[in-house]
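Dear colleague,

Please find below the sequence and structure that I am handing over to you. My findings follow directly after them.

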Amino acid sequence: MSHLFSEFTLTAPSGPLTLANRAVVAPMCQYSAHNGHATDWHLMHWGNLLNSGAGLFILEATAVTARGRITPYCLGLWDDSTAAALSETLGRARRLAPHVPVCIQLSHAGRKASSAAPWDGGKLLDAAHQGWQPEGPSEVPHLAEETPPESLSAQGLQDIQTAFAQAAQRAQAMGIEAVELHGAHGYLLHQFLSPLSNHRTDAYGGNFEGRIRFPLEVFQAVRAVYQGSLGIRLSATDWVEGGWTPEETADFALRLKLAGADFVHISSGGVSSQQKIAIGPEYQVPFAKLVKQKSGLPTMTVGLITTPQQAEDILVRGDADLVALARAFLYKPRWVWEAAAALGGTVQASQQYWRCMPREAQGIFGAVRIGQR
């Protein structure tokens, strides 16, 4: 059996969460919500990817407060109304697919909030264009020409910590099996970690211990109320001299492990426009390998992994435990089916699809039987 199509089990206080294979749909923002509410777009999108054959499906970055949205069109989970819309839409999507464990990425955009949708340029929006005042660790804008964010007060920090915990409780109530906190890509938790964006002089800034304090407190608050599998996505490096480093990421992962983390998801970049990313196939895999080796946490890797053999080789080498893909799934929603055909694996599929396989891939659904008149 291929490594990609072997089971993997994540721990959780509520009990083990076993994934049928090690392919993961990474979170991908759709910018298609209405006032934070899931829409028909999400029903179609989630139903499609729940039928992908992946072992785990991670929902897009979901804001824990309205002010924490990246754009006015981002998904939210900050009150009963947004929770009801997400629960109803996700429930419908799950009924249209084989059982696949679902993870939700909980997020606060910090100083990158109040932005236009990508297809509208992605720039900071003002109040006249549906925008609002962003908040962050310090009054340091993401781009020099932008209005600085409001520096968070002690009360503001407490309110956001509470919002993360409450969003996790709402996710638990609707049967979501895992939560991933968004500590990557230049959003709020990452902004606290990086000395490029965190210029605070209180207990939440300065050295490594100060900069990890707020993200760690948020994690602990969520762990205290959420019984499913809990992890975090981290940018392993800012790709800027003087920024957050892979070694700090590994050290932070160790602290998270002691705080009850069940997994870590390794990405990179996003906090600075000065980043110089050495992009190439599997360019983030070495960071995942480092974090896995130093922390011992189950580790997910992502980044220009496009072929089944790449994913297989990463797992064979032991560089990561799970392989996540994002854009590849948008282009090929049945990527895992193709991987099963290439690597000799099997996947679950809705019975309506059982007749679709070409001759060379007939075995990927297992011993299914079809009769037709």
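Both faces of strand 5 are covered in this predicted model: Val 102, Ile 104 and Leu 106 on one side are buried, as are Cys 103, Gln 105 and Ser 107 on the other. Buried here means under 20% relative accessible area, exposed means over 50%, and partly exposed lies in between, with a 1.4 Å probe and protein chains only. Strand 5 covers residues 102-107, and six of its six residues are buried. Helices (H or I, at least four residues) and strands (E, at least two) are DSSP runs, numbered from the N terminus.

Two conventions apply throughout. Residues are numbered from 1 along each chain as its sequence is written. Because the model is predicted, local features need pLDDT of at least 70 and side-chain atom pairs count only at pLDDT 80 or more, while totals for chains, interfaces and linings use all residues; side-chain values use heavy atoms, with hydrogens and water left out.

The neighbours of strand 5 are as follows. Strand 4 (residues 56-63) pairs with strand 5 in the parallel sense over six bridges, where two strands are said to pair if DSSP finds at least two bridges between them. Within this pairing, Phe 57 stands opposite Val 102. Strand 4, helix 2 (residues 80-95) and strand 5 together make a right-handed β-α-β unit; right-handed means that, with the strands pointing away from the viewer, the path from the first strand over the helix to the second runs clockwise. Strand 5 also pairs with strand 8 (residues 178-183), again in the parallel sense, over four bridges. There, Ala 178 of strand 8 is the bridge partner of Cys 103.

These strands belong to a closed barrel of eight strands, in the order 3-4-5-8-9-10-11-12, with parallel pairing. Neighbouring strands of this sheet are turned by 25 degrees against each other on average, direction ignored. Axes are lines fitted to C-alpha atoms, for helices over the stretch in contact, and angles run from 0 to 180 degrees between N-to-C directions.

Helix 5 (residues 208-225) lies across strand 8 and strand 9 and runs at about 160 degrees to strand 9. Contact means heavy atoms within 4.5 Å.

Glu 282, in the loop between strand 10 (263-267) and helix 7 (285-295), has a positive phi near 60 degrees. Its relative accessibility is 18%, so Glu 282 counts as buried. Leu 304, in the loop between strand 11 (299-301) and helix 8 (308-317), has a positive phi near 50 degrees. At 41% relative accessibility, Leu 304 counts as partly exposed.

As to the chain as a whole, there are 10 helices and 12 strands. Of its 373 residues, 61% count as buried. Residues 24 or more positions apart account for 70% of the contacts with a separation of 6 or more. The C-alpha trace spans about 70 × 40 × 40 Å along its principal axes.

With kind regards
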